[in-house]
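Work through the exercises below with the coordinates loaded. Each task is followed by a solution in steps.

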Amino acid sequence: MHFDLIDLRLYLHVLDTGNITAGAARSHLSLAAASARIRAMEASLGIEFLDRGRRGVTPTPAGKALARHARLLLQQAEHLQQDLAEYANGVKGQVRLLCNTTALSEYLPELLADFLREHPNLDIDLQELPSLRITQALRQGTADLGIISDAVDAHGLQTLAFRDDPLVLIMPLEHPLTAASTVSFIDSLHYDYVGLAAHSALAVYLEEQALHAGFRLQTRIRAEGFDGVMRMVARGAGLGIVPQAALARWPLEQRFKAQALREDWACRTLLLCARSFDHLPGYARALFDALALPLRKNP
């Protein structure tokens with residue numbers, strides 16, 4: 001068996017994304033190189049790790065076993081790098097932070113930029129994922145820190161309130177729903193939407209809430225980012241849902257009506273979380289302290 005850390009990381013990226021093409025891109029490899037590495041892994045043991053289908057790949061029983069061990073090995077390798085980097089000048093460490101859409105776009109850019117400026121020997125592997133997948137990654141030890149919605153089950157993890165994150169329905173001024181004194185999410189599902197990119201954590205979350213209500217979101221077009229959604233709604237393309245934080249920094253005169261969603265799942269709080277704050281590796285602990293400092297100053 002001749003696997004290296006690049007092979008194992010590639011394999012987990014393929015599982016996380018559901019296909020070899022996306023896994024290769026996340027690993028910064030060409031599709032041909034990624035496919036060759038996975039084939040070589042399978043050939044070395046004479047076992048297939050992936051079932052390949054038209055819609056992507058899924059792990060075989062052997063592939064699931066490989067994934068469990070790969071996650072542990074990569075976690076130990078990262079901890080080793082972080083521990084040794086403290087003794088070596090000029091060696092960079094890395095912290096893996098997973099977060100949802102709002103945290104990524106509204107709250108983290110300035111915080112993380114300040115942190116990186118103050119810690120020149122650190123890099124941050126920042127990825128956007130739905131909150132449920134973030135909790136799974138933290139429990140499996142494949143990430144150091146996460147920022148999630150309190151709407152998901154965080155059992156087995158330590159959490160700290162990070163920011164309030166209510167969601168707001170925005171409507172073109174001439175839209176039929178603007179005449180109603182109150183509008184529910186279910187009421188809005190009878191109309192067309194401007195959505196975020198399909199892979200974004202918030203888009204996935206809203207699709208799930210619509211399905212739970214027995215509907216599907218009627219998405220006419222997808223925009224990159226909350227600003228794009230608000231600009232298209234203002235021009236009458238459809239309804240949109242954005243966090244209150246994005247609405248608060250909208251620089252232009254509002255050409256749409258905004259109304260807070262009253263459903264429990266929309267009145268969210270973001271949580272900073274980890275398996276154990278006290279047992280974070282040194283670099284991850286430094287990032288946790290930086291993210292938690294504003295919370296301690298303003299309890």
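The exercises go from the whole chain to single residues.

**Conventions**

This is a predicted model, in which local features need pLDDT of at least 70 and side-chain atom pairs count only at pLDDT 80 or more, while totals for chains, interfaces and linings use all residues. Residues are numbered from 1 along each chain as its sequence is written, and side-chain values use heavy atoms, with hydrogens and water left out.

**Exercise 1. Describe the protein chain as a whole: secondary structure, dimensions, burial and charge.**

Step 1. Assign secondary structure from DSSP runs, numbered from the N terminus: helices are H or I with at least four residues, strands are E with at least two. The protein chain then has 11 helices and 11 strands.

Step 2. Compute the radius of gyration over C-alpha atoms and compare it with the globule rule, 2.2 Å times the number of residues to the power 0.38. For 299 residues a compact globule would have a radius near 19 Å, and the 21 Å of the protein chain agrees with that. Along the principal axes, the C-alpha atoms fill a box of roughly 65 × 50 × 30 Å.

Step 3. Classify burial by relative accessible area (1.4 Å probe, protein chains only): buried is under 20%, exposed is over 50%, and partly exposed lies in between. Of the 299 residues in the protein chain, 46% are buried. By the Shrake-Rupley method with a 1.4 Å probe, where for residues only the protein chains shown count as cover, the accessible surface is about 15,300 Å², and carbon and sulfur atoms hold 53% of it.

Step 4. Count contacts, meaning heavy atoms within 4.5 Å. Among the contacts with a separation of 6 or more, 72% join residues 24 or more positions apart.

Step 5. The mean positions of the 30 positive and 33 negative charges are 4 Å apart.

**Exercise 2. Which residues have the most contacts inside the largest nonpolar core?**

Step 1. The largest set has 34 residues, and Leu 167, Ile 170, Phe 185 and Met 230 have the most contacts inside it. Two or more residues each come from strand 6 (158-172), strand 7 (192-196), helix 8, helix 9 (226-234), strand 9 (240-243) and helix 10 (244-248). Another core, of 25 residues, lies apart from it and includes Leu 97, Tyr 107, Ala 245 and Phe 288.

Step 2. Look at helix 9, where Met 230 is buried together with Phe 226, Gly 228, Val 229, Val 233 and Ala 234. Beyond four places in sequence, Met 230 touches Ile 170, Val 242, Ala 246, Leu 247, Trp 250 and Phe 256. After helix 9 comes Gly 236, with a positive phi near 90°.

**Exercise 3. Is Leu 97 buried or exposed?**

Step 1. Locate Leu 97 in strand 3 (residues 93-99).

Step 2. Its relative accessible area is 0%, so Leu 97 is buried.

**Exercise 4. Is Asp 164 buried or exposed?**

Step 1. Asp 164 is in strand 6.

Step 2. Its relative accessibility is 58%, and therefore Asp 164 counts as exposed.

Step 3. Not counting residues up to four places away, Asp 164 touches Tyr 107, Arg 268 and Thr 269.

**Exercise 5. Compare two histidines in loops.**

Step 1. His 28 lies between helix 2 (20-26) and helix 3 (31-45), and His 175 lies between strand 6 and helix 7 (185-188).

Step 2. His 28 is exposed, because its relative accessible area is 73%. His 175, at 12%, counts as buried.

Step 3. Check the backbone: His 28 has a positive phi of about 60° without being a glycine. Most residues other than glycine have a negative phi.

Step 4. Leaving aside neighbours within four places, His 175 is in contact with Tyr 191 and Leu 239. From His 175 to Ala 43 the C-alpha distance is 59 Å, over 132 residues in sequence.

Note on methods:
Lys, Arg positive; Asp, Glu negative; His and termini not counted. Charge placed at Lys NZ, Arg CZ, Asp CG, Glu CD. Core = buried A, V, L, I, M, F, W, Y, C linked by side-chain atoms within 4.5 Å.
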